[in-house]
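Student: Could you walk me through this model, one feature at a time? I would like to learn how to read each one.

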Amino acid sequence: QVVTKGLKTVAIETVKAQAGGLLAPTDWMVIKAAEVDDYTVPADVVTYRAAVRAKSNSIEASINNAADLAAFMALYDTPVDADGNATGNPIITDWPEA
């Protein structure tokens, strides 16, 4: 049996991989904190990691909530002001800054 993944499934897998890539550089800190009693993950790292996880959940929800192809494609649109100047990142790539 051959299973072809749908557009939303592939997009969510991509988001999960991106989130994992953003978290990977600080994973060692979390592991060290679990193994070494007198080590604590710096607060800014904890905050960043929480923001990445929250954004991943938000992006995944946006993907799941896209009612049709046009709504899905809109997730990739860069928001612009009345003059056509970019005002932010597309929903699908709007990750927190490290």
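Tutor: Gladly, and let us begin with charge pairs. A salt bridge here is a side-chain nitrogen of Lys or Arg within 4 Å of a carboxyl oxygen of Asp or Glu. Please keep in mind that this is a predicted model, in which local features need pLDDT of at least 70 and side-chain atom pairs count only at pLDDT 80 or more, while totals for chains, interfaces and linings use all residues. Residues are numbered from 1 along each chain as its sequence is written, and side-chain values use heavy atoms, with hydrogens and water left out.

Student: How many salt bridges does a search of the whole structure find?

Tutor: The general idea is that side chains of opposite charge can pair when their charged atoms come close. Here, the search of the whole structure gives four salt bridges. One of them joins the side chains of Glu13 and Lys5, at 2.8 Å from N to O.

Student: Which parts does the pair Arg49 and Asp27 tie together?

Tutor: The side chains of Arg49 and Asp27 form a salt bridge of 2.9 Å, N to O. Arg49 lies in helix 2 and Asp27 in helix 1, so this pair links parts that are 22 residues apart in sequence. Helices are DSSP runs of H or I with at least four residues, numbered from the N terminus.

Student: And how should I read the pair of Lys55 and Asp94?

Tutor: Their side chains meet in a salt bridge at 3.7 Å, N to O. Lys55 belongs to helix 2 and Asp94 to the segment after helix 3, so the pair ties together parts 39 residues apart in sequence.

Student: What can I check about the length of helix 2?

Tutor: The expected span of a helix is 1.5 Å times one less than its number of residues. The 23 residues of helix 2 should therefore span 33 Å, and its end C-alpha atoms are 33 Å apart, which agrees.

Student: Which residues of helix 2 are buried?

Tutor: An α-helix has 3.6 residues a turn, so residues three or four places apart point the same way. In helix 2, the buried residues are Val45, Tyr48, Arg49, Val52, Ser56, Ile59, Glu60 and Ile63. These buried residues pack against helix 1 (7-35) and helix 3. Val46, also found in helix 2, is partly exposed at 43%.

Student: Which residues have the most contacts inside the largest nonpolar core?

Tutor: In soluble globular proteins, nonpolar side chains tend to be buried together. A nonpolar core is a set of buried Ala, Val, Leu, Ile, Met, Phe, Trp, Tyr and Cys residues joined through side-chain atoms within 4.5 Å. The largest one has 14 residues, and those with the most contacts inside it are Val15, Val52, Ile59, Ile63, Phe72, Ile92 and Trp95. Helix 1 and helix 2 are the elements that give two or more residues to this core. Its largest share, five residues, comes from helix 1.

Student: Where is Ile92 found, and what is it in contact with?

Tutor: Ile92 is found in the segment after helix 3 and is buried, with a relative accessible area of 6%. Leaving aside neighbours within four places in sequence, Ile92 is in contact with Val15, Gln18, Ile59, Ile63, Leu75 and Tyr76. Ile92 and Lys55 are 37 residues apart in sequence and 9.5 Å apart in space, C-alpha to C-alpha.

Methods
Buried < 20%, exposed > 50% of the residue type's maximum accessible area, 1.4 Å probe, protein only. Contact = heavy atoms within 4.5 Å.
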